Structure formats: structure tokens, C-alpha cells
Amino acid sequence: MTTHHPTQFVRSDTDLVRFHLRRFEDVTGVSGTGRVAGGVIFPDGTVAMRWNKDKKSTAVYDSIDDVAEIHGHDGATVIELIDVRAGDPE
């Protein structure tokens, strides 16, 4: 799974980083394709993500790496960052 960075920067490590989960192929046949979820990365690295399905659900993960490992499906899904903390690699 890859992560795409846009150009908007947040101020510091006290700000949240928003992201979308974009699925190119629905490997499991459950979530569909396109922007299937959205979420935030908290300053401590914890992630909250909400699915955009008919039956909405919210999940909390220890890190964005965990999200990538669980939902990446070998490149079928990418994490698209909306915000990037100042100092994060682009």
C-alpha cells in the first residue's frame, strides 16, 4: 500500500492529519471501490477511521501502518493523506 501526500500542511504535532482510504479493487467484495473510508491520525499516531458503506462503522487502530497492513490488500488500496504535518516527508 502506498501513501499519497497532497500539499496542505498542518501547523504542528498537535494537529490531526486527515486521510482517505481509496480502493482500486474490492478484493473481499464488501467495501466497494473508490473512497471507501476516511479518518484522522492523532498526534500520538493513533488512527480513527470511518467506513463509507451503507452500514457505517468506525474503527480505532494503533497506527497508520496497521491500517495499511490490514486493509492494503497488496496494493489494491492506498492511503491518501489530506494533511501533512510540518516536517513529515513528502
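Me: How many salt bridges does the count come to by the rule?

Reply: The count comes to two salt bridges. The rule asks for a side-chain nitrogen of Lys or Arg within 4 Å of a carboxyl oxygen of Asp or Glu. This is a predicted model: local features need pLDDT of at least 70, side-chain atom pairs count only at pLDDT 80 or more, and totals for chains, interfaces and linings use all residues. Residues are numbered from 1 along each chain as its sequence is written, and side-chain values use heavy atoms, with hydrogens and water left out.

Me: Why is the pair Arg18 and Asp83 called a salt bridge?

Reply: The closest N and O atoms of Arg18 and Asp83 are 2.7 Å apart. The limit is 4 Å, so the pair qualifies. Arg18 lies in strand 3 (residues 17–23) and Asp83 in the loop between strand 7 (77–81) and strand 8 (84–85), so the pair ties together parts 65 residues apart in sequence. Strands here are DSSP runs of E, at least two residues long; helices are runs of H or I, at least four; both are numbered from the N terminus.

Me: What makes Asp83 buried or exposed?

Reply: Its relative accessible area decides. Buried means under 20%, exposed over 50%, and partly exposed in between, with a 1.4 Å probe and protein chains only. Asp83 has 2%, so Asp83 is buried. Arg18 has 37%, so Arg18 is partly exposed.

Me: How do you know that Glu80 and Arg22 form a salt bridge?

Reply: Their closest N and O atoms are 2.9 Å apart, which is within the 4 Å limit. Glu80 lies in strand 7 and Arg22 in strand 3, so this pair ties together parts 58 residues apart in sequence. Glu80 is buried at 18% relative accessible area. Arg22, at 24%, counts as partly exposed.

Me: Why is strand 5 described as largely enclosed?

Reply: Strand 5 covers residues 47–51, and four of its five residues are buried, so the rest of the structure largely encloses this strand.

Me: What makes strand 4 and strand 5 a pair?

Reply: Two strands pair if DSSP finds at least two bridges between them. Strand 4 (residues 34–41) and strand 5 have five, in the antiparallel sense. One of the bridge partners is Met49 in strand 5, which faces Gly39 in the pairing. The hairpin of these strands has five residues between them, and Gly45 takes a positive phi near 100° there.

Me: How do you know that strand 5 and strand 6 pair?

Reply: Strand 5 and strand 6 (residues 58–61) share four antiparallel bridges, and the rule asks for at least two. Thr58 in strand 6 is the bridge partner of Arg50.

Me: Which residues have the most contacts inside the largest nonpolar core?

Reply: They are Phe19, Leu21, Met49 and Val67, in a core of 13 residues. Such a core is a set of buried Ala, Val, Leu, Ile, Met, Phe, Trp, Tyr and Cys residues joined through side-chain atoms within 4.5 Å. Strand 3, strand 4, strand 5 and strand 7 each supply at least two residues of this core.

Me: What pattern does the chain follow along the sequence?

Reply: The pattern is β-β-β-β-β-β-α-β-β, with one helix and eight strands. Just after helix 1, His73 takes a positive phi of about 50°. Of the 90 residues of the chain, 36% count as buried.
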